[in-house]
Amino acid sequence: MARQLVFGLALTAALAVFPLFSPWSTVILTVALCEGLAALGIMVLLRAGQVSFGHGLFFSFSAYAVAFLAAARFGHEALVLIPLGMAASGLLAALVGLFVVRYRAIFFGMLNLAISMVFFSLLEKLFPITGGADGKRVPRPTFAGIEFGREQFELATFYLTLLLCIVAALFVARYLLSPGGKALEAIKSNETRLEYLGVSPRKVLYGAYLLSGLLAGLGGAIIALVSGHVTPELAYWVRSGEFVFIAILGGIGGVAGPFLGALMFQIIRGYAAVHAPETWHAVLGIMLLVIIFFAPAGLYGIVAGRKREEGGR
Amino acid sequence: MPPEMLLLAALDGLAYGSLIFLVAVGLSLIFGVLGIVNVAHGSFYAIGAYVAAASVLALGAAGLPTWLAFPALLASAALVGILLGGLTEALLLRRIYGKEEVLQLIVTFAVFMILEDAQKVVFGVQPYFANAPMNWLGTVEVFGIFYTGYQLILMPLVALAVLLGLRFFLRRTSFGRAIVAVTQDREAATAMGIDATRVYLITFIIGASLAALGGALASATTSLTPGIGAGTLVLSFAVAATAGLGRIEGAAVAALLIGLGRSAAVYFAPEFDVLIPYLIMMVVLLIRPQGLFSTVQTRKV
Amino acid sequence: MSGVILKADDLHLRFGGVQAANGASLEVAANERIAIIGPNGAGKTTFINLCTGYLKPQSGRVVFAGQDVTRLSPRAITRLGIGRSFQIPQLFLDNTVIENLLLALSAREGSWSPLLAMRRHPKAGEMWALLELVGLKQIGNRVVRELPEGMRKLIDIALALALEPKLIFMDEPTSGVSSTEKFEVMDTLARVLDARATAAVFVEHDMDVVARYAGRVAVWTGGRIAHQGTPEEILSHPDVRETVIGVGV
Amino acid sequence: MKTMKLATAALAGALLAGSALAQDKPKELVVGIATFLSGPASVFGVPGRNAADLLIEEINAKGGVLGVPLKPVYVDEGAGTNQLLSEYRRVVQEQGAQVMLGAISSGSCNALAPVAEDLKVVNVMWDCGTQTIFEDGKWKYSVRTQAHAGAEMMATLLYLMKVKPDFKSVAVVNQDYAWGRESWALLQAGLKALKPDVKVVAELFPKFGAPDFSTEITRLSALRPDVVISTSWGGDLDTFVQQAAARGLLKQSTFVLPLAESSLERLGNVLPEGVIVGSRGDHYWLHPKHKNTPDMQAFVKKYKDKTGVYPIYPTFHMQQALTGLQKAYEKAGAAAGGKWPSREQVIAAFEGLEFKSLTGTITIRQDHQGLEDQLLGTTRRVPDYPFAVYDKMALYPGKLVTTPIGEKSLDWFAKVKPDLVTDKSIETFDYAK
């Protein structure tokens with residue numbers, strides 16, 4: 001636990017000072033943190049052995065919710081829009097969760113994929129409402145009542161995001177150690193026994209699904225604000241796949257993993273975009289293979305060392 | 001809407017369904033035997049298409065007779081299946097069979113990302129097509145509407161041949177039976193002297209070749225552009241999951257269902273045609289979580 | 001019979017051409033200990049599965065504490081107070097022994113606050129005490145996957161006991177336990193069951209264990225009870241000696 | 001801990017890599033170019049990049065812009081809008097780009113315009129077509145060096161009315177995204193004004209990147225509309241035309257394909273005679289007035305030598321953007337007394353700028369929208385090439401077909417008068433070797 005805290009603090013501190021040195025990194029880091037949040041949601045589900053290939057649904061749903069609310073001049077304030085976007089995804093997760101928690105393994109993944117693809121198709125189809133494939137612009141809202149310029153807004157959003165990520169990570173860490181988190185792991189290791197403890201695996205998974213939907217929603221809400229534009233691509237299955245990719249890349253051993261993975265993902269993507277603009281997918285793919293075959297515990301596993309997983313971690 | 005329009009819509013759905021079937025049945029077969037949902041399947045489809053188009057164009061450039069294009073399509077599919085499929089299985093998948101499903105899925109996802117770019121580097125980004133085989137087969141007239149013989153007759157025939165061929169192979173040949181045995185109980189099959197490693201490799205190659213065959217057939221009617229693999233993959237996921245993963249005949253029915261559903265949508269609700277496959281899949285999974293043709297298996301305690 | 005807490009009545013279940021339950025009936029009184037014996041394939045485990053909701057009978061019913069539980073899920077039945085252990089231990093292999101038990105405790109107590117660390121559960125001491133009772137305290141912090149089968153068997157039973165059931169089904173509690181420790185284990189179990197006034201139904205192949213710990217014995221063949229009675233009656237019964245114990249002993 | 005330090009160091013290195021500030025007469029002028037390097041639209045993006053490489057080399061060989069060589073940095077539009085936005089920022093802030101060329105997709109342009117304002121960087125919209133950019137918004141730092149969708153669709157309509165005045169029914173098959181939808185909305189508004197009695201028998205919007213149009217073609221075959229319009233492009237257009245041609249649909253209806261110039265060479269003998277084609281502007285490598293100019297011949301030869309194919313419209317759009325940029329810098333430099341102009345001076349120089357492209361003259365209006373002529377034609381097979389070429393061409397002056405400043409294209413289309421079809425300023429040409 002102490003080790004994880006030290007690591008978390010170091011990571012946070014490193015992140016907190018970066019934008020001061022290189023202003024242009026603010027947005028990229030914020031984007032990475034947003035993807036980290038979604039990947040954290042994926043990690044929660046991975047603890048139950050379930051993989052969702054459709055979390056782009058919640059990511060994009062809150063992003064579009066924010067876009068619509070901001071365009072409607074309703075709650076034209078970042079500190080209102082973010083929780084509203086998150087709540088929208090939470091509601092959707094509460095609804096979708098009712099169905100998907102009945103499924104396991106590949107069917108869980110496929111059903112999530114299907115639902116997100118329906119939403120993706122709708123975003124593209126309902127052109128008059130959603131702007132189709134070109135998406136919607138998100139006007140820059142006020143931040144705590146202040147009309148910031150671009151740079152200040154980006155900086156403020158970054159620090160807010162960092163703060164929210166810490167809160168989210170700490171909460172998820174606590175949750176994973178709580179009986180509910182342990183029951184979640186039990187779905188992966190022995191669902192039958194869980195039933196025979198009088199626990200409903202569906203309810204346990206439902207809670208986790210809700211949490212993961214909220215986390216992805218939080219990420220989506222912020223990304224809508226910080227990039228000022230939303231497109232259906234946020235809901236495409238490849239995007240959902242990236243979240244899983246990031247979670248595995250970072251490692252699911254600790255809550256810092258997904259964020260580490262997201263940062264690495266952005267760095268590789270940024271570098272590849274400069275030096276190999278036509279083959280950055282391949283670079284990422286090779287990187288992932290290397291991680292899976294040579295460091296299966298992910299980046300977090302490399303950094304934190306391979307420690308026996310016990311209660312505290 | 002005159003009644004013959006229904007028939008016309010059905011004919012379109014048949015051709016479309018045949019194509020998706022070829023891709024989906026490979027996906028389904030691989031899942032049934034190896035237990036892996038192969039995301040790289042979309043790339044096998046795309047690369048199969050590119051290789052086929054390239055070889056058909058090369059034949060044309062060499063001034064050889066057009067009918068040679070048909071064996072060239074088959075050969076391209078087999079080449080892609082054996083080379084790419086074989087390498088993927090032998091170099092990567094073989095090392096992770098014991099691991100979690102998620103990791104296996106992600107490995108194929110990584111392969112998909114790599115192959116998508118590889119395809120771009122090799123074949124470029126300009127649309128690519130080789131329509132000689134389609135034009136060579138001419139057209140067929142139904143109720144005053146012209147259809148290409150290629151889509152209306154050849155594609156469904158190939159799909160049917162693959163379906164019957166797979167059935168025969170799995171039920172009547174000793175290697176096919178070995179595949180079925182490994183699917184049902186790997187340990188018992190290995191104890192009986194079946195080489196599971198070989199079964200996995202060959203199954204994966206067959207599955208990959210089927211995807212490549214789908215691509216090869218599509219190359220005559222469709223312009224190949226970057227990204228065709230991703231779209232086809234999701235569609236064949238939908239078919240395979242609707243059918244119940246691992247179900248070969250089921251994949252045929254589901255592909256037909258989705259093909260017909262889609263073409264009906266173009267007539268009656270054109271705004272919904274892209275939603276149809278996913279809606280069918282969702283409805284089926286909500287009613288029958290294990291897919292149309294699978295049976296529930298209870299764990300022994 | 002007074003104080004019947006479980007009544008399984010004429011259960012039938014057929015799958016894959018096998019009549020796994022063919023008129024299976026049994027009554028269990030509070031605080032009673034019943035051994036089920038019978039050859040492999042007689043439908044003993046199926047009977048437990050039927051009584052605990054894992055399988056649903058095609059006909060017949062199960063009544064527990066005055067409530068029809070035939071169609072209920074294992075989860076609901078567990079909550080009503082029926083516990084069970086398994087022939088092959090069903091555990092959370094990647095967790096420690098105490099975590100396994102604490103999860104059961106949390107389930108029993110309904111403690112699902114996401115901010116409560118499970119290892120700091122206010123009643124965690126109770127689980128350590130239970131571990132001590134079954135002699136597993138020293139391995140409480142070991143990961144289950146590393147432990148031998150015999151120990152897993154015990155943990156499996158402890159997990160069921162942690163829920164404080166009124167009735168417990170145990171599927172071959174002593175299989176995998178070395179013959180020297182068998183009686184020790186069963187002594188401990190009997191003590192816990194008596195102390196908690198828990199009724200028990202257990203499947204057993206060792207006739208010495210049956211003779212010593214069962215109040216009543218039911219002989220299972222062909223998916224139903226063939227004979228039942230006290231251990232003395234049953235173990236001396238000629239048919240039983242031949243069909244059930246016969247070759248083995 | 002050691003590994004962590006390493007990781008942190010790597011992160012720092014990645015993020016801290018230099019940030020050049022604008023100076024007086026820089027060593028090089030970094031031009032960020034957003035273009036599709038992946039995805040289906042790379043059929044335009046990659047030719048655009050190839051042309052840029054070639055043209056920048058040429059400009060630099062002649063001493064660059066005001067003596068400063070250009071350095072292109074490419075950004076992939078195909079990576080998705082969010083990724084594009086952060087890359088765009090990075091190129092401006094980290095690599096010190098003073099000018100950005102962005103982008104191809106209207107969606108990207110919509111997303112980039114406000115970012116360019118934020119970053120105060122000159123943004124030349126080098127290929128995107130949506131008319132709404134400058135009709136619905138005012139962007140100080142963005143400018144467009146080619147026509148918009150309004151001009152393109154208006155010219156298309158006028159040409160259709162000219163060559164096939166008697167059509168009674170129309171069907172449309174457009175890609176299902178903003179361009180497909182918006183271009184149809186414009187055409188529909190114009191049709192209503194010019195030919196109110198025409199019947200729209202089918203509006204089909206197949207999925208972007210659809211591999212199969214069989215059902216759509218069956219429906220069109222059954223409906224037998226006089227005219228089939230499709231503003232599709234790239235692989236979608238190729239697939240649609242191929243499948244339609246194989247089934248005789250191209251002979252049954254008159255096809256109007258305003259973007260087909262970019263597919264002519266690829267489609268080879270698939271495209272029959274009599275199809276109405278366009279190229280989103282006046283550019284065409286066999287332009288009746290300019291095909292024999294030395295500049296055009298040199299460009300076509302260089303491009304063909306480099307890529308093996310004839311140049312298509314995005315390469316001309318790139319040429320216009322880079323030429324416009326060069327001229328704006330020269331104009332601003334002269335105004336600044338030979339000093340290196342600031343970004344604000346450059347963008348101001350764009351207003352009212354007139355410059356020659358390979359096929360005509362581009363004028364940048366006060367609203368930063370370019371005026372460009374429009375060339376349409378009807379396909380004809382000639383022995384000179386193994387693919388169809390333009391015949392019966394009509395050249396529409398940009399002024400005639402572009403929505404006036406302050407008006408919205410949709411409203412302007414709704415009140416267009418039929419006499420525009422025969423306006424005297426329209427020049428016509430036939431194919432000549």
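**View 1. Where chain A meets chain D.** In this predicted model, 37 residues of chain A are in contact with 35 residues of chain D (contact: C-beta atoms, placed from the backbone, within 7 Å).

Residues count from 1 along each chain as its sequence is written, and chains are lettered from A, ligands numbered from 1, in the order written. As the model is predicted, local features need pLDDT of at least 70 and side-chain atom pairs pLDDT 80 or more, while totals for chains, interfaces and linings use all residues.

**View 2. Chain D against chain B.** Here 30 residues of chain D touch 34 of chain B. Helices α2 (42-61), α8 (214-223) and α9 (234-246) of chain D each put in at least two residues. The chain D side splits into nine nonpolar, 14 polar and seven charged residues.

**View 3. A helix crossing inside chain A.** α2(A) packs on α10(A), residues 237-250, at about 75° with axes 8 Å apart (axes are lines fitted to C-alpha atoms over the stretch in contact; angles run from 0 to 180 degrees between N-to-C directions). So the pair is roughly perpendicular, the label for 65 to 115 degrees. From α2(A), A:Glu35, A:Ala38, A:Ala39, A:Ile42, A:Met43 and A:Leu46 meet A:Phe243, A:Val244, A:Ile246, A:Ala247 and A:Gly250 of α10(A). That makes nine nonpolar, one polar and one charged residues.

How values were computed: Two residues are in contact if their C-beta atoms, placed from the backbone, lie within 7 Å. Helices (H or I, at least four residues) and strands (E, at least two) are DSSP runs, numbered from the N terminus. Ala, Val, Leu, Ile, Met, Phe, Trp, Tyr, Cys and Pro count as nonpolar, Asp, Glu, Lys and Arg as charged, and the others, Gly among them, as polar. Angles under 35 degrees count as roughly parallel, over 145 as roughly antiparallel, 65 to 115 as roughly perpendicular and the rest as oblique.
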